[in-house]
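Let's take a walk through a protein together, one step at a time. Keep the sequence and the 3D view side by side as you read.

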Amino acid sequence: MKGLVIKNTGSNYTVLAEDGQTTIDCKIKGNFRLKGIRSTNPVAVGDRVEVEVRENEISYITDICDRRNYIIRKASNLSKQSHILAANVDQAFLIVTINYPETSTTFIDRFLASAEAYRIPVVLVFNKTDLLSADELRYQQMMCTLYENIGYQCVAVSAKQGDGVSKLNELLRDRITLFSGNSGVGKSTLLNRLIPGVQLRTAEISQAHNTGTHTTTFSEMLPLPVGGWAIDTPGIKGFGTFDMKPEEICGYFKDIFQFSRGCRFSNCTHTHEPGCAVLKAVEDHYIAPSRYASYLSMLDDEEDSKYRKAY
């Protein structure tokens, strides 16, 4: 029978049958691997799968239906393996915070570039606006303007007070949406607001280090009152890019790619070459220094194959 993977807790999976009511607890065979992808989780939440149902025994996932997309990052401890965040999604909400804790622009840009690589639209959700000072609110508006000018939709919200939630519901309606972000940005609080009664666990921010702690320990699809699904994933501290060739990375930065067409050399790396239109655009402030720094950091990833934490 076919079904939808709605929960993944390590080696255990929950599959929702096609009737939309029955759930089946499953495992995968020990030799189950995705063709061409070395992944720590060969089956991901959002996958459509074939299940071999066994009465009074363990049921097994036997095959994955073709994916229309997925989003992937480098596994944090196994540099040559990947971790699939979710499959078959319509969009991703990246939850970010200007403070409490601060989300780095490098982390944002790495996530956006990876989503571009797998053709997944991203909405940047700026949470905890109720905690920000006047200066921090101005900085948040500058960040929104930066990313909106590149082509990304930005929404400012307060999950705690409910501000901006109605706008999110409009964007979520009848879609499958991945929720992701650093630990502590209020993802679980936001989902509790969007899905009354779900009661996901939340935690306080560390005052000493202004960092969050993991409250979500597994990935799960949650039905939304407005229709569609929210995919809740564990908070991530860093975003290591996976399987990107240096010459491809520019194409995943919309703003940099736009100017790269004017470079003198077709194989320009935009790091040192004469006649580089990207370097000129950075110098003239048409490309934000933070975006260019993120681009360079991803080139560096490819050179040394290291996992990169947010910085």
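Does Asp232 count as buried or exposed? At 3% relative accessibility, Asp232 counts as buried, because the limit for that word is under 20% relative accessible area. Please keep in mind that what you are looking at is a predicted model.

Now step back for a moment to take in the whole protein. You can look for eight helices and 13 strands. The protein has 311 residues, and 53% of them count as buried. Take the contacts between residues at least 6 apart in sequence: 66% of these join residues at least 24 apart. Salt bridges are part of the picture too, and the structure holds 10 of them.

Let's visit another salt bridge. The side chains of Arg67 and Asp47 meet at 2.6 Å, N to O. Arg67 lies in the loop between β5 (59-64) and β6 (70-74), while Asp47 lies in the loop between β3 (23-28) and β4 (48-52), so this pair ties together parts that are 20 residues apart in sequence. How buried are the two partners? Arg67 has 18% relative accessibility and counts as buried, and Asp47 is buried with a relative accessible area of 0%.

Asp109 belongs to helix α1 (residues 105-117) and Arg291 to helix α8 (residues 289-304), so the pair ties together parts that are 182 residues apart in sequence. Asp109 counts as buried at 0% relative accessibility, and Arg291 is buried with a relative accessible area of 1%.

Among the buried ones are Phe107, Ile108, Phe111 and Leu112, along with Asp109 and Arg110. You can check the length of the helix as well: at 1.5 Å a residue, the 13 residues of α1 should span 18 Å, and the end C-alpha atoms are 18 Å apart, which agrees. Just after α1, look for Arg119, which takes a positive phi of about 60°.

Our last stop is a place where two helices meet. How do α3 and α4 cross? The axes of helix α3 (residues 165-172) and helix α4 (residues 187-194) come within 11 Å and cross at roughly 80°, which means that α3 is roughly perpendicular to α4. On the α3 side, the residues in contact are Val165, Leu168, Asn169 and Leu172, and they meet Leu190, Arg193 and Leu194 in α4. These residues divide into five nonpolar, one polar and one charged.

Methods:
Residues numbered from 1 in each chain as written. Predicted model: local features only at pLDDT ≥ 70, side-chain atom pairs only at ≥ 80, totals over all residues. Heavy atoms only, no water. Axes fitted to C-alpha atoms, helices over the stretch in contact; angles between N-to-C directions. Helix = DSSP H or I, 4+ residues; strand = E, 2+ residues; numbered from the N terminus. Parallel < 35°, antiparallel > 145°, perpendicular 65-115°, else oblique. Contact = heavy atoms within 4.5 Å. Nonpolar A, V, L, I, M, F, W, Y, C, P; charged D, E, K, R; others polar. Salt bridge = Lys/Arg side-chain N within 4 Å of Asp/Glu carboxyl O. Buried < 20%, exposed > 50% of the residue type's maximum accessible area, 1.4 Å probe, protein only. Expected span 1.5 Å × (residues − 1).
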